[in-house]
Amino acid sequence: MNSPDSKSHQSAREIFEELEEYYDDHNVYYQTIGSVLDATELLGINHRLKLILSQPKNEIMVHFTAKMDDGSQKLFKGYRVQHNNVLGPYKGGIRFHHEVKLDEVKALALLMTMKCALARLPLGGAKGALKVNPRSLTKNELERVTRRFTAALGNNISPNYDIPAPDVGTNAQIMAWMADTYTNMSEASSKVIAKGVVTGKPIEFGGSEGREKATGQGLVFVLEELLPGMNLKIGDLSYSLIGFGNVGSWTARLLQKHGSKLKTVMDHTGAILNEDGIDAEDLTQYVKEHGGVKGYPKANPVSNDAFYSTKVDLFIPAALEQMIDFEHAKRMNCKVIVEGANAPTTPRAEQLLLEKGVEILPAILCNAGGVTVSYFEWKQNRQSETWEEEKVDRQLRMTMSKSAQRVLNMAREKNCSMRIASYAAAIEYLDKVYDMRGVFP
Ligand code: NAD
């Protein structure tokens, strides 16, 4: 499918001119809202909804100190951006990364609004971040910093209002510390449901079966739904992967069960290649022990250039934003990009890839498995229930398949790219809800 969507984000430019804000083409927030507002043009969406989507409802910034192991105090900066809650409580991950910026968190919060709307979840969109390199802290420091951050966020998060989850640099242990801190700060009568303030918790402490693998599992369900229509067989294809953390490693382990061949992997430590295939289970063990893929003995180290230009069927980014730029796109030799990460492809790269005939399966579809099972966890916590993994997977497959069909149908109806179709399918739903609810007061 060809993209008629690169009219250089005209709609967003006009909106930001009206808001008297400088529109920065290189900034991930403007790139993201630019594509989202392109989709509104296909649907003839009214001006009010465009304005509502253009900026988050709340941008919360907190500063707090925490004690390091040597007794010194350090100052930290944290963010929580609440983009939209027309469908339900704000929902979105918390990231720990030393280079995080407010605009990046805003882009990710906007994508959460789109993701929940596309999947028809009764949740809004949010994202949070703490500017810290978690690898630079000891376990005790990480716990203290996490608890202090949770306390600093205070009533801005709650099981009925805004529910964080794991993202880059955070995991089930960090969610457990957040839930415990929040529970201890809650009134006695609210303590029973207080742990529902975050999802992605350890199973022993209110987590859901299937949550840890959920994002990778959801991505694989999308591939099962869409690859046959592209004449690709999941058991007979090769792929490259950026990132071997939660999303990347689970995607690889699940694809391995289908017989797909992992040729190359790149993470923050380097890139490796084995034309005969890399064993995802073995590499997961290696990364746990060594902190990254560098030095993995059953593959060869390769340069970034060689990594991007390796010939594969699928290219799966599962690390940070903007990791596929125009220069990478020139070199890439794949049939389909499957966005496990959020906003991994810059608009210029996307344009070139579409011209080269590469299909791009967008993030708000491919990585919605995480928030979907987070929603199941939140429901289980509210009802004091525990679902079997089989039930979680069955319901996840249903949600992912329906979302994939929604995107495909919209792309066919509007003759647009899958990304614009995914935004259009989300916005069409938000538009109906706004229309029915009307304007208060
Ligand atoms: P993670 O922290 O578990 O893993 C991140 C991976 O990215 C690591 O392998 C790291 O080495 C790699 N990485 C970091 N910097 C890099 C660089 N400069 N070059 C190459 N690789 C680099 O994070 P995650 O939870 O797997 O999240 C990955 C992506 O998926 C993010 O975009 C996140 O927003 C998105 N996502 C995550 C979830 C979830 O449930 N965890 C859900 C939806 C979307």
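This is a predicted model: local features need pLDDT of at least 70, side-chain atom pairs count only at pLDDT 80 or more; totals for chains, interfaces and linings use all residues.
Me: Which residues of α16 meet which ones in α17?

Reply: From α16 they are R406, V407, L408, M410 and A411. Their partners in α17 are M418, A421, S422, A424, A425 and E428. Contact means heavy atoms within 4.5 Å. Helices here are DSSP runs of H or I with at least four residues, strands are E runs of at least two, and numbering starts at the N terminus.

Me: At what angle do α16 and α17 cross?

Reply: Roughly 110°, with the axes coming within 8 Å. Helix axes are lines fitted to C-alpha atoms over the stretch in contact, and angles run from 0 to 180 degrees between N-to-C directions. So α16 and α17 are roughly perpendicular, a label for 65 to 115 degrees.

Me: What classes of residue make up that contact?

Reply: Eight are nonpolar, one is polar and two are charged. Asp, Glu, Lys and Arg count as charged; Ala, Val, Leu, Ile, Met, Phe, Trp, Tyr, Cys and Pro as nonpolar; the others, Gly among them, as polar.

Me: How does α4 pack on α17?

Reply: At about 75°, with the axes 8 Å apart. That makes this pair roughly perpendicular too. α4 brings L111, T113, M114, A117 and L118. α17 brings S422, Y423, A425, A426, I427, Y429 and L430. The contact has 10 nonpolar, two polar and no charged residues.

Me: New topic. Which residues come nearest the ligand?

Reply: D167, T215, F244, N246 and H268, out of 22 around it. To count, a residue needs a heavy atom within 4 Å. That shell holds nine nonpolar, nine polar and four charged residues.

Me: How far is H268 from a ligand oxygen?

Reply: A polar side-chain atom of H268 sits 2.6 Å from one. A polar backbone atom of G169 is 2.9 Å from a ligand oxygen. For a backbone N or O of G245, the distance is 3.1 Å. Polar contacts are N or O pairs within 3.5 Å.

Me: How much of the ligand does the protein bury?

Reply: 86% of the 830 Å² that the ligand exposes alone. Areas come from the Shrake-Rupley method with a 1.4 Å probe.

Me: Where's the cis peptide bond?

Reply: Between F440 and P441, with omega about 0°. P441 is in the segment after α17.

How values were computed. Residues are numbered from 1 along each chain as its sequence is written. Side-chain values use heavy atoms; hydrogens and water are left out. Angles under 35 degrees count as roughly parallel, over 145 as roughly antiparallel, 65 to 115 as roughly perpendicular and the rest as oblique. A polar contact is a pair of N or O atoms within 3.5 Å; within protein, one must be able to donate a hydrogen and the other to accept it, and residues adjacent in sequence count only if both atoms are side-chain atoms.
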